[in-house]
Amino acid sequence: MPNSVSITNNVTEFRQDFAIIANWLKFGCKLLDLGCGNGELLQFLRGSLEVKGYGVEKDDANVLACIKNNINVIQMDLEDGLSGFENQSFDTVVLSQTLQAMHNTEKIVLEMLRVGKEVIVTFPNFGYWRNRWQITAGRMPVSKILPYQWYDTPNVHLCTINDFDEFCRNHQIEIIQRKVITDSKEIHWMPNILGNLAIYRLKSRQLGV
Amino acid sequence: MQENYSIGIVAPQTAHFDTPLTLKCGRVLPQFDLVFETYGTLNASKSNAVLICHALSGNHHVAGKYSENDKYPGWWDNLIGPGKPLDTNKFFVIGLNNLGGCHGSSGPKSINPDTNKPWGADFPIVTVEDWVNSQALLLDALGIKKLAAVVGGSLGGMQALEWTIAYPDRVDHALVIASAPNLTAQNMAFNEVARQAIITDPEFHEGNYYEHQVVPRRGLRIARMLGHITYLSDDVMGEKFGRKLRDQINYSFDVEFEMESYLRYQGDKFAGEFDANTYIRMTRALDYYDPALQHGGDLTQALSGTKAQFLVLSFTSDWRFSPARSREIVKALLDNERTVSYAEITAAHGHDAFLMPDKHYHAILRSYISNIDIGDNHAK
């Protein structure tokens, strides 16, 4: 049973996406981490890549934790969009395992593409076979990466890899790279069935957003 | 951590400056005094100094008491002291009374050395920029080259911001709390009503009431009552007073509602201790501050020369210095890729919240301030 409803607490347990995200970043880049939690990703990157990083976080306790950890954090609600950020003002905007908990999912992805030259989105793949299996068995999936019960989950927009691919096609979003992993191992064969976590590197196809 | 949370008994000092200070308005103060207090110990490398900038009605008495019998300590005592968020075991904290003030620094109430009479209306209109320049001179006098931090709320926050613009190499961290990059028309309108209340008081005598041995008490009182309304939120007024009656409705214009009693008490108290000429000057300093103005309204450009690290804080129920105004500062800092954190504190107390010891607010301040690096001379 989950004892927390923080939408970002997955990150502390699942750092499997961090290494991949780090690989897609340039040394010293300007990075915006949306839904940054206690700033763990930015701390992870600070030591190795010297990114100029800012976190965005809504939750008071997480904002306090970021400040304690000496992480730049801006307290705001992502559902309101990114109006405080200029077009193309960040090298990369990251949304790590938060997409599925957003209400205005479409809006935030488009806002990220407006603000960031590149966007990295990670989310749990609902098409993962264990999820499918639990549904087949007649229950809503509960797992390490989806630790909530149907009645207390913050996740309102779960999707599969195929769903997200289609979303990108329909929104003129270029997928620069995509990695799918399960327990830190990269999945190449039948990713929408065997992959637990999807990590996308995106940019807008539209010029002058 | 020390259990004793109070800085204890403190005493003000006065610094006299003989070097003329050219003000933004073009006038020159040939000499002036600044009254100030300090808490904690300046370390050998003088790297642990924190300047507190006061708001509209504040002064140099920021923490501690003047005697055991004092009813109240300084105005931000909940923040400053041994073991408090701004820990005087680590930092050397300076509070001063700004120029134009009425608590000992040169101002309308003090004696003009040229005439041997109070300055009165003739005291120049000073600005945030002038204050920051005079504060820098005070630091020079104390031998402090660089501030570990400058901290201010409201009008004090504007001074903190101005420090980072005017003296980018002299400040490591700026804590800009419940502030704004300039006042909105509505905010300035409140100031204008307050000033009109004072200026139209028959006992104002165009600012030269000292020589008539009177005080424009009515004007000052109304100005303060108005101020108090704007510093609180509707919710907190509702909670504090609601529609509570002191006794019953008497179909009179006497004090009948508790809210009226509160406002009159605050107004009377203030009119008895504050100077009207200072009040109208402080509101003008608020009105005039607008660092983006000389950059065509572009705040990003105005802040492009800053080097400090920033903590910007706002309070959800503050409608006089709303979170949106703080976010403008944050945006301009982000545009310049400055090191900045921003927290929006959920608080019911409106603008006054910045002076309250809210747990989360103080936890943020404590965490941020404790991370401020003062080098290897950390006094323990």
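Is M190(A) buried, partly exposed or exposed? With a relative accessibility of 36%, M190(A) counts as partly exposed, because that value falls between the 20% below which a residue is buried and the 50% above which it is exposed. Please keep in mind as we go that this is a predicted model.

Let us stay with M190(A) for a moment. You will find M190(A) in chain A, in the loop between β7 (185-186) and α8 (191-194). Its phi is near 50°, which is positive although the residue is not a glycine. Most residues other than glycine have a negative phi. Another residue of this kind is Q172(A), with a phi near 55°. Q172(A) sits in the loop between α7 and β6 (173-182) of chain A, and is partly exposed at a relative accessible area of 39%.

D165(A) is buried, with a relative accessible area of 15%. Leaving aside residues up to four places away in sequence, D165(A) touches I175(A), R178(A) and Y200(A). The C-alpha atoms of D165(A) and R178(A) are 9.8 Å apart, while 13 residues separate the two in sequence.

Y200(A) is also one of the contacts of I120(A), a residue of strand β5 (residues 116-124) in chain A. I120(A) is buried, at a relative accessible area of 0%. Its other contacts beyond four places in sequence include W24(A), V94(A), M112(A) and I199(A). I120(A) and I199(A) lie 79 residues apart in sequence, yet their C-alpha atoms are 7.0 Å apart in space.

Elsewhere in chain A, strand β2 (residues 52-57) is mostly covered, with 5 of its 6 residues buried. Strand β1 (residues 30-34) pairs with β2(A) in the parallel sense over 5 bridges, and L32(A) has Y54(A) as its bridge partner in β2(A).

K30(A) forms a salt bridge with E337(B), with the closest N and O atoms 3.7 Å apart. This pair crosses between chains, from K30(A) in strand β1 of chain A to E337(B) in the loop between α9 (323-335) and β14 (340-345) of chain B. K30(A) is buried at 5% relative accessibility, whereas E337(B) is partly exposed at 39%.

There are 21 salt bridges over all chains. Within chain A, E111(A) pairs with R114(A), their closest N and O atoms being 2.7 Å apart. The two are 3 residues apart in helix α5 (residues 105-115), so about one helical turn separates them; both are buried. In chain B, D268(B) and R221(B) form a salt bridge with their closest N and O atoms 2.5 Å apart. D268(B) belongs to helix α6 (residues 258-273) and R221(B) to helix α4 (residues 217-231), so this pair ties together parts that are 47 residues apart in sequence. Chain B also holds a network of salt bridges linking E192(B), R195(B), R284(B) and D287(B).

Finally, consider the nonpolar residues. In soluble globular proteins, nonpolar side chains tend to be buried together. Here the largest nonpolar core has 168 residues, and those with the most contacts inside it include L34(A), F164(A) and W76(B). A second, separate core of 7 residues includes V236(B) and F241(B). On the surface, I135(A), M140(A), W150(A) and Y151(A) form a nonpolar patch with about 490 Å² of accessible area together.

Methods
Residues are numbered from 1 along each chain as its sequence is written. Chains are lettered from A and ligands numbered from 1 in the order in which they are written. This is a predicted model: local features need pLDDT of at least 70, side-chain atom pairs count only at pLDDT 80 or more; totals for chains, interfaces and linings use all residues. Side-chain values use heavy atoms; hydrogens and water are left out. Buried means under 20% relative accessible area, exposed over 50%, partly exposed in between (1.4 Å probe, protein chains only). Contact means heavy atoms within 4.5 Å. Patches are made of residues with over 30% relative accessible area and no salt bridge: like charges are joined within 9 Å, nonpolar side chains (Val, Leu, Ile, Met, Phe, Trp, Tyr) within 5 Å. Accessible areas come from the Shrake-Rupley method with a 1.4 Å probe; for residues, only the protein chains shown count as cover. A salt bridge is a side-chain nitrogen of Lys or Arg within 4 Å of a carboxyl oxygen of Asp or Glu. A nonpolar core is a set of buried Ala, Val, Leu, Ile, Met, Phe, Trp, Tyr and Cys residues joined through side-chain atoms within 4.5 Å. Helices (H or I, at least four residues) and strands (E, at least two) are DSSP runs, numbered from the N terminus. Two strands pair if DSSP finds at least two bridges between them.
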